[in-house]
Amino acid sequence: MKITTIGTIAAVALIALSGQAVADEKLEIGQKIYERSFGRGCGTCHDISSNPQLFALVKAGTLDRAKFEKVLKEGKGGMPKAIEEILKVKAVTAAGYGEDQAVDALYAYLGSK
Ligand code: HEC
């Protein structure tokens, strides 16, 4: 095998690996948002069965990304506005995530469980 071919294979493998690392980091940040925003996390309210079950709704595709984001930004009934609380989570500031990235990470985490 030529050196250049080996180099190309190594580069491709490296790109694949870093893509995986980015995906893992995203889910981890999503989890931290779920567990830590509002101090005690979304689960304080959403792990109660009479409130919307976010994991199930996202997984089933009944709660789409646009509606999810709208509720986080505007609130809804007993659901407080959440976007500012989400951006305060340490993992979010540490990663330098903006609104879109933070909402993406949280939505991906909810769909992954
Ligand atoms: C203080 C309790 C409380 C906290 C904390 C809370 N929620 Fe909620 N959430 C609710 C309630 C109650 C509803 C139902 C509101 C309604 O339908 O009138 C709701 C609804 C929602 C909905 C809309 C679901 C649907 O299908 O209409 C989304 C999305 C949501 N919450 C996401 C979150 C996320 C993400 C967090 C954490 C960042 C969070 N909530 C934290 C109480 C809470």
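Tutor: Here we ask what lies behind each label in this predicted model.

Student: Why is His46 called buried?

Tutor: Buried means under 20% relative accessible area. His46 has 11% relative accessibility, so His46 counts as buried. His46 sits in helix α2, residues 43-46.

Student: Which residues does His46 touch, not counting residues up to four places away in sequence?

Tutor: His46 touches Tyr34, Asn51, Pro52, Gln53, Leu54 and Met79.

Student: What makes Gln101 partly exposed?

Tutor: Exposed starts over 50%, buried is under 20%, and partly exposed is in between. Gln101 has 41% relative accessibility, so Gln101 counts as partly exposed. Gln101 belongs to helix α7. Along the chain, Gln101 and Lys26 are 75 residues apart, and 8.6 Å separates their C-alpha atoms.

Student: Which residues of α4 meet α7?

Tutor: Arg65, Phe68, Glu69, Leu72 and Lys73 do. On the α7 side, the partners include Val103, Leu106 and Leu110. By class, this contact of α4 with α7 has six nonpolar, no polar and six charged residues.

Student: What makes α1 roughly perpendicular to α7?

Tutor: The axes of α1 and α7 cross at roughly 90 degrees and come within 7 Å. The range for roughly perpendicular is 65 to 115 degrees. That is why α1 counts as roughly perpendicular to α7. The contact of α1 with α7 has nine nonpolar, three polar and three charged residues.

Student: Which residues have the most contacts inside the largest nonpolar core?

Tutor: Phe68 and Leu106 do, in a core of 23 residues. The largest share, seven residues, comes from α7. Leaving aside neighbours within four places in sequence, Leu106 is in contact with Gly30, Ile33, Tyr34, Phe68, Leu72 and Ile86.

Technical notes. Residues numbered from 1 in each chain as written. Predicted model: local features only at pLDDT ≥ 70, side-chain atom pairs only at ≥ 80, totals over all residues. Heavy atoms only, no water. Contact = heavy atoms within 4.5 Å. Helix = DSSP H or I, 4+ residues; strand = E, 2+ residues; numbered from the N terminus. Nonpolar A, V, L, I, M, F, W, Y, C, P; charged D, E, K, R; others polar. Core = buried A, V, L, I, M, F, W, Y, C linked by side-chain atoms within 4.5 Å. Buried < 20%, exposed > 50% of the residue type's maximum accessible area, 1.4 Å probe, protein only. Axes fitted to C-alpha atoms, helices over the stretch in contact; angles between N-to-C directions. Parallel < 35°, antiparallel > 145°, perpendicular 65-115°, else oblique.
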